Amino acid sequence: MAAPVDASLLNPIELFLAADWVVKAVMIGLAVASIWSWTVIIDKAVRFSRMFRRANEFEQLLESGRSLEEAAAAAGPNPVEPLPRMLQLTLHDWKEARQRGQMTDAQGQALLNRVDRAMDSVISRESQKIENGLGVLSVVATASPFIGLFGTVWGIMNAFDRIAAAGNTNLTTVAPAIAEALFATAIGLAAAIPAYMAFNAFSVTAGKFTGRLEAFADDLQAALARRLSGPSAPPPPPPPPSDNLNLRRGN
């Protein structure tokens with residue numbers, strides 16, 4: 001009858017301390033990758049929550065009936081968030097064009113094209129910012145299982161070496177090496193699964209926010225087009241109610 005297996009095989013610390021140096025290196029690398037991915041996950045969760053909350057607040061400010069100029073002034077001189085920054089860029093180009101005097105249709109179209117390029121530039125930079133760090137999650141999600149598998153294979157090779165050295169297949173002989181191998185696999189999956197789920201969730205969220213920026217840019221261009229189609233006299237303060245931006249599309 002085979003001797004009972006030591007209960008320390010169920011202790012992760014004991015498994016790590018008893019592991020081969022290669023398996024230890026695999027375990028440490030996977031633990032570092034897991035900590036790195038969780039740092040990115042927490043950071044992204046906080047950033048996305050803050051971005052959507054501030055975007056909602058700014059859209060509510062616009063929908064409250066304030067003019068574009070009032071909303072831009074309420075955002076401050078150098079807003080960090082993309083929506084007020086896009087609004088201020090649009091108003092700056094509008095005021096600069098009006099100060100030159102009456103605009104022809106060609107000049108108005110050139111203004112719209114210039115605003116469109118400026119909005120595309122802002123959206124592109126913001127998309128890069130919100131997607132920053134997702135590559136880390138992708139690498140951890142795809143590489144961790146294979147790194148853990150390498151540790152598993154190495155541990156099984158150690159088990160075969162012990163079998164050959166002992167000259168028998170007693171469970172007590174091979175159990176420590178097998179446990180080390182399976183523990184490396186478990187760490188690899190523990191690192192990969194959260195990173196994979198977070199990568200997919202944040203990729204969808206980043207796409208939604210980018211779409212929101214594009215929709216806001218379209219609304220700004222529509223508001224600017226309405227102003228261009230109005231009277232060409234110098235703009236009287238305050239702007240007419242029709243210049244208010246309604247972000248609820250279809251109204």
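Hi everyone. Helices here are DSSP runs of H or I with at least four residues, numbered from the N terminus. What we have is a predicted model, where local features need pLDDT of at least 70 and side-chain atom pairs count only at pLDDT 80 or more, while totals for chains, interfaces and linings use all residues. Residues are numbered from 1 along each chain as its sequence is written, and side-chain values use heavy atoms, with hydrogens and water left out.

Let's start inside. A nonpolar core means buried Ala, Val, Leu, Ile, Met, Phe, Trp, Tyr and Cys residues joined through side-chain atoms within 4.5 Å; buried is under 20% relative accessible area, exposed is over 50%, and partly exposed lies in between (1.4 Å probe, protein chains only). The largest such core has 43 residues, and Met86, Leu87 and Leu137 touch the most other members. Two or more residues each come from H2 (21–63), H3 (68–74), H4 (82–99), H5, H6 (134–166) and H7. The top contributor is H7, with 12 residues.

Now, Ser37. This residue sits in helix H2, and it counts as buried because its relative accessible area is 0%. Ser37 and Ala141 are 104 residues apart in sequence, yet their C-alpha atoms are 8.9 Å apart in space.

Which residues form a negative patch? They are Asp116, Asp120, Glu214 and Asp218. For a patch like this, residues need over 30% relative accessible area and no salt bridge, with like charges joined within 9 Å; a salt bridge is a Lys or Arg side-chain nitrogen within 4 Å of an Asp or Glu carboxyl oxygen. Helices H5 (105–131) and H7 (171–228) each supply at least two of the patch residues. Asp218 belongs to H7, and it counts as partly exposed because its relative accessibility is 40%.

Notes:
Patches are made of residues with over 30% relative accessible area and no salt bridge: like charges are joined within 9 Å, nonpolar side chains (Val, Leu, Ile, Met, Phe, Trp, Tyr) within 5 Å. Accessible areas come from the Shrake-Rupley method with a 1.4 Å probe; for residues, only the protein chains shown count as cover. Lys and Arg count as positive and Asp and Glu as negative; His and the chain ends are not counted. The place of a charge is taken as NZ of Lys, CZ of Arg, CG of Asp or CD of Glu.
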